[in-house]
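Q: Can we walk through this model together? I'd like to go part by part.

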Amino acid sequence: MNLISGHFIFFVLAVLLFYYAVPRKSQNVLLVAASYLFYFSISLWFPLILIVVTVVTWLIAMQLFLKRQHRKTFFILALVFNLAILVVFKVHHFFVPQILSRLDMFGWQDQTLGLHILIPVGMSFYILQAISFVVDCYQGRLASFPGLMDFSLYLAYFPKLTAGPIERPGSFLPKLLKARTVDNEKIAKAFALLLIGLVRKIVVADPLLAAVPAGLFQDPGAYTAVQLISMTLLFGLGLYFDFSGYTDIVRGISGFFGIELSPNFRWPLFSKGISDFWNRWHISLSHWLRDNIFYPLTRMFLKKNIRSDNWKAVFIPPVVTMALSGFWHGTRAHFLVWGLIMGLLLAVERLWRVKVNPVRRIVPGTLRNMGSIVFTMGLIFACSIPFMVPLAKIVPYMKGVSKLNGLHAANFRIFVFLVPGLLIDLIQFRANDELVFMKWHSSFQAAAIAFAVLAVLFMSQVYVPGAFLYQGF
Amino acid sequence: MISDTVVRKKLKSFILKEILRNPAYPMKPDEPLISGGLIDSFSVVQIAVFVEETFGIVIPDAELTVEDMDTLNQMVALVLNEKRS
Amino acid sequence: MGKRRRRKAKTPAKKMVPSGSGKEESLINVSSRNGKSLKLTWPCGLGLIKALVLLAIFMLFTEFLLRVPAIRRQLPPPVLGTGNLTFDVTWEYLQRTLDQYGHVDCVFVGSSMIKHAIEPKLFEKWFREKSGLDIVCFNFGVSGMRPSEAGLYKTLVDKLGPSLIVSEASPLFLDEQFDGYRNFPEISLSPWGNFQSGGFSVKGWLLTHSLLFRHCMRWNMWARSPEQYNRYQRISKNTRMNGFLVKGHGPIKKRARRIIPKPINTMLSGKVGTTQLLDDWVTCFSGETPVVFVEMPLRSETGSSLGEEDRKFSHARILLRKRIEERGDLLFSPGAQIELGKSCWMNAIHLNPKGARLFTPVFADEMARAISTGKLKCFRGDR
């Protein structure tokens, strides 16, 4: 079931109807049932894997929570179980075709290994949530242990099932367990988020992504330098608006149920540095990696030497963290390369802060800020090329770019679709409030809603809304 | 029982000397350090390790956040709370 | 009335706490778990209602404004999204013609051949001089039109309520795989075309009823495909308000001969042996409105490589003529009465404006004669 489809709208409305008809104590059960029904509509197999992960993790975590003995053993067991599942699916998806092609070279053709096992949609997200839960249990951060139904809902909750946000048990479980009252204000916020998300996705992302040819990264030699650069930029920006649109849409939908989901983006296009960018882009994943990988590693190195010029502490944690981020996105080598580059950038930025500019005061509105933004986004874009281009195509891609030709062949008009997206981001960024529109005068609000609805209606007919890109991770 | 003044003095000194590398910087107690872009995640961990070594308090990774440690006041309050509990 | 049963007081649900953790506080407020979840008060949704009302007013006002003939004429023609740019432009110009005159008396239908061959203004002028009748004509030829689109074509033409339909008779009626179709998608398969034939879709509805949406599609073309948009602009500029397509080419120069498309006989894929398509076309168009045929001229050059195809085509033309006669339909062949030398042709199958200026009056003359002799009954004198 595509999130932007008549079926899904009907599904959500039906669930909402039942949700408010049943007693509060049955609402979580209803949501679990609805979530699994939604997941079954995608595939018959995916929910079975989720059930296994849910039950096994819950049972092991209960031992962690209740018992004093063998806590470390249970903790490692839970971690290994969840990571093994994630790694097996990711590696199988990548390596089996590679192995098969090698065996084929020697004349061995066995198709039984060739079962094309897809990574279950949402697995990359719910496994991290399961790990968070296990870690919180181990560290004693949970005040009470959830029942199996509530834990199932934590993992399977349908608005965030397919592509996050990655919620932490400490903040999310209480929302599931406490009373939920949905009043006028919450409905208004939910609707605002939903509409903003639809504008990002349908009015901005879909046209931008539709302008990127399918073979751009597979056959870069067929394009001029300006086409390569402009369409890669389109893809990157399209990816941002697609994913941020998805996040706003699911947060809006969840808001109608009275359950608040965490924001995933804080206007990353206005980042003033690399670490600033990673605090603004895919926040739930960045913070998960920061809290579970970066912090423990950095602490370990700093305990030996607390000084700012401890090179091991400066380099190893960000590089390892971002390499793992690359692996999370995909097992292909170019994701790993991308992760390593991002990790090195973070380390170099840290060095720069230590050695060159130890005190930086960010003054809003100055030319320096604009320069920082432009420089940061240029660097991020350039270093994101390995994220988009397979490793085998990097050299032809860079050769194509280096020709510096083809200005006449490029289409810059397509960037006009960016305007509504950038406008929304800018207004929110300057107010530091994603729902700043709700503070406008009612007439301006009405005009903004009217325009947004019209734009979404029209553009949803001009372009067929595609699947969200991050559901592929 | 450690006092607010001692914690504040030691923390401020560490931040100015080791993190900002500018002992003369006029840091205010309610100045946003993380959200203001003066210190980053690495520095936050440095502060946590410093607190652990100096005051014997472990600040969990989950509490190394903007909400808990953005200003000097917040850091001092965190240390004193952890010490009490 | 029976005794009311006393409800047993509910005990708080058991919550698991870690043993010896000391954390006995619960995050759950049990009693409030049974409270109402939805607490909406009026005016809930007032902002949305205001916005929808504003949207409706804006849409109505904009649609009205875009339909004001003086404004409509100033704007570039909006698209229909059929994929056939000539059709999109022609359809818009047809609407503008209806805005101006209120009706269309005579519609020319067929492919780009008739679109280039008959200039309606010239036709109206000559026809008026010969017959004394003042009629409004529109050239509804569509580049890439194929007989299988007859159903849709008829639906559209019927809505105009013309007094006469003039159809081209040309090689396209001999072969569904005619090579000239390959660059033109089928209009009936587009959302707009499908909607005209009764298949509902939101996009089809918007394309049919909303000029604002069609302009939005045009802006999208501008942003997404500059090359296609430039072509669209050229077609708009080269198409007259009465549907006649002018490419602005002069006589074919010697150099231009090298880029003439392949000869017409190679554009036919199969054997020329059946007139089934023609029968289907006519059957589709049959109705109260009389349908007549005008034979499209084909370029012939003695002593050139094109002479050979002329001989092959004489067979095809005979077949067509014979079939039309057998059916009892009227066939005009103005091309047989005039010499259309190479300076009259854009390529092998399309006349240029000079050729149209020669062809059209002869056709108008033939038609006027047919009406005056009673062979053709249409156009009431008081129209």
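**Helix 3 of chain C and beyond**

A: Helix 3 of chain C is followed by Gly102(C), which has a positive phi, near 85°. Keep in mind that this is a predicted model.

Q: How many residues does helix 3 of chain C have?

A: It has 17 residues, 85-101. From first C-alpha to last, helix 3 of chain C reaches 24 Å. That is close to the 24 Å expected at 1.5 Å a residue.

Q: Which residues in helix 3 of chain C are buried?

A: Among them are Leu85(C), Phe87(C), Trp91(C), Tyr93(C) and Leu94(C). Asp88(C) and Glu92(C) are buried too.

Q: How many bridges pair strand 5 and strand 6 of chain C?

A: They pair over 2 bridges, in the parallel sense. Strand 5 of chain C covers residues 291-295. Phe293(C) stands opposite Leu331(C) in strand 6 of chain C.

Q: New topic: chains. How many residues does the contact take from chain A and from chain C?

A: It takes 42 residues from chain A and 40 residues from chain C. On the chain A side, helix 2 (24-42), helix 3 (46-66) and helix 9 (184-210) are among the elements that each supply at least two residues. The largest share, 11 residues, comes from helix 19 of chain A.

Q: How do the residues on that side of chain A divide?

A: The side of chain A that touches chain C has 26 nonpolar, 10 polar and 6 charged residues.

Q: What joins strand 1 of chain A to strand 1 of chain C?

A: 2 bridges join them, and the two strands run parallel. Val182(A) stands opposite Leu38(C) in strand 1 of chain C.

Q: Now chain B. How many residues does its contact with chain A take?

A: The contact takes 23 residues from chain A and 21 residues from chain B. Helix 11 (274-278) and helix 12 (283-304) of chain A each supply at least two residues of the chain A side. Helix 12 of chain A gives the largest share, 9 residues.

Q: And how do the residues divide there?

A: The side of chain A that touches chain B has 8 nonpolar, 5 polar and 10 charged residues.

Key. Residues numbered from 1 in each chain as written. Chains lettered and ligands numbered in written order. Predicted model: local features only at pLDDT ≥ 70, side-chain atom pairs only at ≥ 80, totals over all residues. Contact = placed C-beta atoms within 7 Å. Helix = DSSP H or I, 4+ residues; strand = E, 2+ residues; numbered from the N terminus. Nonpolar A, V, L, I, M, F, W, Y, C, P; charged D, E, K, R; others polar. Pairing = 2+ DSSP bridges. Expected span 1.5 Å × (residues − 1). Buried ≥ 20, exposed ≤ 12 C-beta atoms within 10 Å, placed from the backbone.
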